Amino acid sequence: MQTVTAIYRIVTPMFLGGANHEAEGIRPPSFKGALRFWWRALNWGNISGATGADDASALPTLHAEEARLFGSATDGEGSGQGCFLLSVNHVKMTPTNPVFTGGSKYLAGMGLSGRNALPTEQEFEIILRFHPRAVQSDIDSILRAVKVFGLLGGLGSRSRHGMGSIALYEIIRNQEKYQKETIWAAPTTQEEYKTKIKELFPLPLTANEPPFTAFSEKSRIDILLSGNTPYSVLDDFGKAILDYRSWGRTINNNILPSGNPSEKNFFNDHEWRYQRGPLYPENHPERVAFGLPHDYGQGDSLKVKSENKDHERRSSPLFFHVHQLGTNLFVGVSIYLRAQFLPINEKIKAGNNIVPANVDWTVITDFIDGKDRKSPNVVTNRFSSKQVVLP
C-alpha cells in the first residue's frame, strides 16, 4: 500500500463531540465525511462536463465515482470499501470552553454557549493507506480534496461560520519503510496561499448553478481581512456581517458590537417583519440568500422556510474560514459556492404565505464587495484590504 500522511492544525475552536456535545477528539468518520463534501464540490464540474448530460444524468455518475473512491455502505453494485483506508492520529487534546465576545459571539451563535471545544494550535495527522488497485489518478483526486479541505474548510458545529477551521501544514508520502518525502508544504504568505488554491482548479467548472453546493463559474474565493490572532479575525468578520445584516434596533440604540450603527441595508425585510411593506405578503425577505430557515420573531407567522417539510433547511452558500499563515498571521477567507437555492418549482413558506423563491444573490456579493445596498454605487471600507483569489 502507498501511504500518505497529511498534517493539519486546528486554527479556531472546534466543536465536535457525542450526544452531550463533549469534545472528545477527531474521529475518522467525521473527517472522511467532510472530505467527501469537498471532493464532491471540486469534481462536479469535471464529471458533469465530461458526461455532457443534464444534472439528473450526471448525478449518478458522480455518486458512483464517489462510492468507488470513498466506499459505500449500500448493498447494491459498487458497494464496499473504497480505494483507501483513513485513520487519525493525534495526542490527547484537553477540551477548552472558549469565551466569545462581540463579532465572534455572533458567529458562534447561542448553540455553542457553554460547550467544550477542541483547542486551537493543536496538530493532528490523517493517514491515508491507498489500496494497491488505486491508480495514480485516484490518489491525485483524493489528495486534491485533502488540500482544498485544509485550505478552505473546517470541522464541527458552525464550521461555515469560521469555527473549527483547519490549516493543512504538510503532506508526506512514505515511499519505503524508512524513507519519507514531503510532497506539499504549507503557504506562509498571502500570495503563496492564493497560488496553492489556484493550483487546485485545473478542473473544468460548470457555467450553470450546480444542483448542490459545489464549485462553478459562479463561485468565488476572497481574502477579506487579516489579524494577529484567529479570534481577532473572527471578531472582525462577525462585526462586519452583523453591521450589514442587522437592523440594529434592539441593540444599544442601534449601536452594534463594532461600535457602528447598523447599516440598515434591508428596510423591506424590516417592514416584512411587521407584516407590511412591498414584500408582504407576496414575497419573502431578501436575506433568505444567506440560507433557511429565518426567524423574525415568535411563532410560525414570522418564520421563513421551505414549503417542503422534508428539507426546510437550506445552508448558506457563504462559508467563512480562518487560515494561519506562518506564526502570527491569520487571514479571514470567504468561499461563495452559489448553487440552486431550492429544487425547481419549490416555493418558500414566508410566515403564513406560500411565495415563489426569488433569490437575489447580490445580497451576498454586495457584502463581500463592501457595497452599500441603499446606494449601489457606494463602496464602503468594510473589507478595504480584500484580495480576490478565485476567479
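The second largest pocket has a volume of about 310 Å³ in this predicted model. Its lining consists of 16 residues. Ala240, Asn260, Asn381, Arg382 and Phe383 lie nearest the centre of this pocket. H6 gives the most, with 4 residues. By class, the lining of the second largest pocket comprises 5 nonpolar, 6 polar and 5 charged residues.

The largest pocket holds about 1700 Å³ of space. A total of 49 residues line the largest pocket. Of these, Tyr106, Arg158, Arg245, His294 and Asp295 lie nearest its centre. Helix H3 (102-108), helix H6 (230-245), helix H7 (267-273), strand S9 (294-295) and strand S11 (318-325) each supply at least two residues of this lining. The largest share, 5 residues, comes from H3. The lining of the largest pocket divides into 22 nonpolar, 16 polar and 11 charged residues.

Helix H2 was examined next. Helix H2 covers residues 55-70 and has 16 residues. The distance from its first C-alpha to its last is 22 Å, close to the 22 Å expected at 1.5 Å a residue. An α-helix has 3.6 residues a turn, so residues three or four places apart point the same way. In H2, the buried residues are Ala58, Leu62, Glu66, Ala67, Leu69 and Phe70. Just after H2, Gly71 takes a positive phi of about 95°.

Note on methods
Residues numbered from 1 in each chain as written. Predicted model: local features only at pLDDT ≥ 70, side-chain atom pairs only at ≥ 80, totals over all residues. Heavy atoms only, no water. Expected span 1.5 Å × (residues − 1). Buried < 20%, exposed > 50% of the residue type's maximum accessible area, 1.4 Å probe, protein only. 1 Å grid on protein atoms, 1.4 Å probe; cavity = no way out; pocket = protein on both sides within 12 Å on 5 of 7 lines; lining within 4 Å. Points joined across faces, edges and corners; volume = space filled by probe spheres on them. Nonpolar A, V, L, I, M, F, W, Y, C, P; charged D, E, K, R; others polar.
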